[in-house]
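Visitor: I am new to this structure and would like to learn how to read its features. Please show it to me first.

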Protein chains: 2
Amino acid sequence: MVTPVPAVDLLFEAVAQKGHVCVGLDTAAEYVPPAEREKARNDGEAVLSYNKALIDATLDIAACYKVQIAYYEEMGIAGLTAYSQTLKYIRGKKSLVISDIKRGDIADTAKRYAKAHFSGDFETDFVTLNPYMGMDSIMPWLSEAETGGKGAFILMRTSNPGMKDFEYLEINNGKRVYNAVGDKLSNLATKRTKCGYGLFGAVIGCTEREEAAKIRKEYPDLFFLIPGYGAQGGGAQDAAVLLKDGNGGVVNASRSVITAWQKGKEDEKTVNNALASEYARHAAEKMRDEIKEALK
Amino acid sequence: MVTPVPAVDLLFEAVAQKGHVCVGLDTAAEYVPPAEREKARNDGEAVLSYNKALIDATLDIAACYKVQIAYYEEMGIAGLTAYSQTLKYIRGKKSLVISDIKRGDIADTAKRYAKAHFSGDFETDFVTLNPYMGMDSIMPWLSEAETGGKGAFILMRTSNPGMKDFEYLEINNGKRVYNAVGDKLSNLATKRTKCGYGLFGAVIGCTEREEAAKIRKEYPDLFFLIPGYGAQGGGAQDAAVLLKDGNGGVVNASRSVITAWQKGKEDEKTVNNALASEYARHAAEKMRDEIKEALK
C-alpha cells in the first residue's frame with residue numbers, strides 16, 4: 001500500500017501558494033442572506049448552498065476551510081447532512097478542510113471517533129482534539145492519521161478569557177498546563193514529513209505577543225491553527241508572531257468573512273449568495289494581505 | 001413560566017427507587033446479535049432495534065441510560081438518526097438519558113451546542129462536558145440547563161491511564177488540575193435543588209479507594225457519573241466509595257451489559273434481541289445488587 005501524503009504537507013504547500021487564511025464555515029442559518037434562506041426547503045439546505053457559494057468564491061484565497069460542527073448540530077439531522085455535504089464539496093474541489101469537533105475520549109471511543117471523521121459520511125482532512133483526558137485519547141487518532149494521510153490540531157493555549165481557569169495553571173515544574181500539552185505534542189512530532197512539522201499540530205489563540213513569541217520558539221515542530229482573527233479580536237500582527245519563517249500555521253476567521261455582507265450598503269433583502277460570497281472573498285483577500293504585510 | 005424540575009433531582013429520585021445502574025448504550029453494530037443485524041436494512045436500524053429491546057428489558061432496573069455518541073457517529077448520518085431515535089425512545093418511556101458527548105468550546109459555540117443537545121433532534125436530559133478551555137465554555141450550558149430542567153456532568157478525574165498526563169498534574173497550590181476543576185464546579189453548585197446536589201455534577205472514574213474517598217469528601221455537593229464498571233475494570237467496592245450516603249451518583253456499565261449475550265451458551269446465530277436483552281437485564285440486575293451489597 002502506498003502511504004498517502006500527510007495532510008500537514010498538503011496544508012504547508014497550500015499556505016505557500018495561497019497565504020495563511022483559513023475560512024471558517026461556522027455557518028449559522030441567520031448568516032445566510034434572508035432571501036436565500038427563505039427560498040431553501042430547510043435551514044440545512046440554505047446553509048449548504050451558501051457554503052458552496054462561499055467555497056467557490058474563496059478557493060484561490062483560502063489555504064483551507066474550517067467547519068465548526070456545533071453550528072450544524074444545532075440544526076439536527078438536516079444540519080449534519082449539510083455538514084457532510086460541505087466536507088464533500090470542499091474535498092471535491094481538492095481543497096483541505098479542518099473539522100472543528102474538539103473530541104477527546106478514552107482509547108476505545110477515540111478509535112470509533114477516528115473512523116467516524118477520517119472516513120465515511122464525515123470524512124475530513126484534519127480534526128481538532130481536546131487533550132484533557134491525556135495522550136491515550138490522542139494516540140488512536142495518530143495511528144489512523146498515519147495510514148490515512150490525515151492530521152489533527154490539539155487544543156493547547158486558546159484565547160478565550162476562561163483559558164486562565166485550567167490551561168494557564170502553573171504546574172510544579174514552573175511551566176503551565178498548556179506547556180505540558182505542547183511538550184507531549186512535540187514528543188509526537190518525530191515522523192518525517194516533507195515540511196518538517198509533526199503530523200499533529202496545536203491550536204494556539206492569538207494572544208499577547210510576548211507569550212506568542214515564546215510559544216512559537218518553544219514548539220518549532222508544531223504547525224499551528226490560530227483562531228480568533230477578526231470577530232474574536234486578534235489581528236495580523238498578533239498572528240504573524242505565531243507564524244515561524246512565514247509558514248508555520250493557518251489563521252482562521254469565520255464571522256468576519258462569512259457575514260461581511262451584513263456590513264454592505266445593499267438592502268439586506270436584495271442580497272443573494274453570489275453577492276454575499278463576493279463580500280466574503282474581499283474580506284478573505286484583505287485578511288490574507290494584512291497577514292502577508294505583517295510578516296514582512 | 002413554570003421552572004421545570006432539575007434533571008439532577010429526577011435522577012436522584014430514580015436512584016432512590018431503582019439503584020445506581022446507568023446502562024451505557026455504546027451500541028456498536030457488532031454488539032447486535034448477528035441474525036438481527038442481518039435482518040435490518042442498515043446498521044443504524046439494527047442498533048436502534050437492539051437499543052429498544054435493551055431499554056424495554058432494563059427500564060425498572062436502570063436509573064438512567066448513557067449514550068456514547070461516538071458509536072453512532074461512526075455510522076454516519078444513519079447512525080446519528082439511530083442516536084436521535086434512541087434518545088426519543090428513552091425519554092418517551094419517562095426514563096432519563098445522559099448524552100456522552102464531552103463537548104467543550106468557546107461561549108458562542110457552547111450556546112449552539114446547548115441548543116443542539118437540550119432541544120430538537122438530539123434533545124437529552126444530561127450531557128457530559130470537557131472543561132479544558134475553562135468555565136466560559138461551561139456557563140452557557142448552565143443557563144440553558146436552568147431554564148430547561150437539564151443537567152451536565154463535567155470531566156474531572158477519569159480512570160484511563162492517560163489521566164496522569166494532564167488531569168493529574170500537580171499545580172502550585174499543592175492540588176491537582178482535576179481539583180481545580182472540582183473546585184470551580186463546587187462554586188457553581190449553589191442553586192437550590194431538592195436533592196441538595198448542584199445542577200452540574202462531575203465524571204469521576206472508579207479509582208484507588210483512598211483517593212476516591214478523598215474526592216467524595218472534598219466535593220459533597222457534586223453528583224457523580226462513575227464510568228469504568230465491568231469491562232473497564234472497576235468494581236462495586238470501588239464505586240461504593242464514591243457514593244455518598246448511598247445516593248451520590250450513578251455507575252455506568254456498557255459493554256459488560258449490552259454484550260453479556262456473547263458469553264451465553266447459545267449458538268450465536270440463534271440469539272435474537274429478546275434473548276440478548278434478557279442477558280443484559282441479568283447483568284444489570286447483578287450489578288445493581290453488587291453495588292447495593294457494597295454499600296451496606
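Visitor: In what order do the eight strands of chain B close into a barrel?

Guide: Some ground rules come before the answer. This is a predicted model, in which local features need pLDDT of at least 70, side-chain atom pairs count only at pLDDT 80 or more, and totals for chains, interfaces and linings use all residues. Residues are numbered from 1 along each chain as its sequence is written, chains are lettered from A and ligands numbered from 1 in the order in which they are written, and side-chain values use heavy atoms, leaving out hydrogens and water.

Guide: In general, strands of a sheet pair through backbone hydrogen bonds, either parallel or antiparallel. Here the order in chain B is 1-2-3-4-5-6-7-8, with parallel pairing. From one strand to the next the twist averages 30°. Strands (E, at least two residues) and helices (H or I, at least four) are DSSP runs, numbered from the N terminus, and two strands pair if DSSP finds at least two bridges between them.

Visitor: How many bridges join strand 6 to strand 7 of chain B?

Guide: Two bridges join strand 6 (residues 200-204) to strand 7 (residues 224-226) in chain B. Within strand 7 of chain B, F224(B) is the bridge partner of A202(B).

Visitor: Which strands does helix 7 of chain B touch?

Guide: Helix 7 (residues 139-148) of chain B packs on the sheet and touches strand 3, strand 4, strand 5 and strand 6 of chain B. Touching, or contact, means heavy atoms within 4.5 Å.

Visitor: How are the two copies related?

Guide: In general, two copies of a chain are related by a rotation about an axis and a shift along it. Chain A can be laid on chain B by a turn of 180° and a shift of 0.0 Å along the axis, with an RMSD of 0.0 Å; the superposition is by least squares on the C-alpha atoms of residues with pLDDT of at least 70 in both. The two copies are thus related as by a two-fold rotation axis. In chain A, the C-alpha of I171(A) is nearest the axis, at 2.1 Å.

Visitor: Is C64(A) buried or exposed?

Guide: C64(A) is buried, at 1% relative accessibility. Buried means under 20% relative accessible area, exposed over 50%, and partly exposed in between (1.4 Å probe, protein chains only).

Conventions. Axes are lines fitted to C-alpha atoms, for helices over the stretch in contact, and angles run from 0 to 180 degrees between N-to-C directions.
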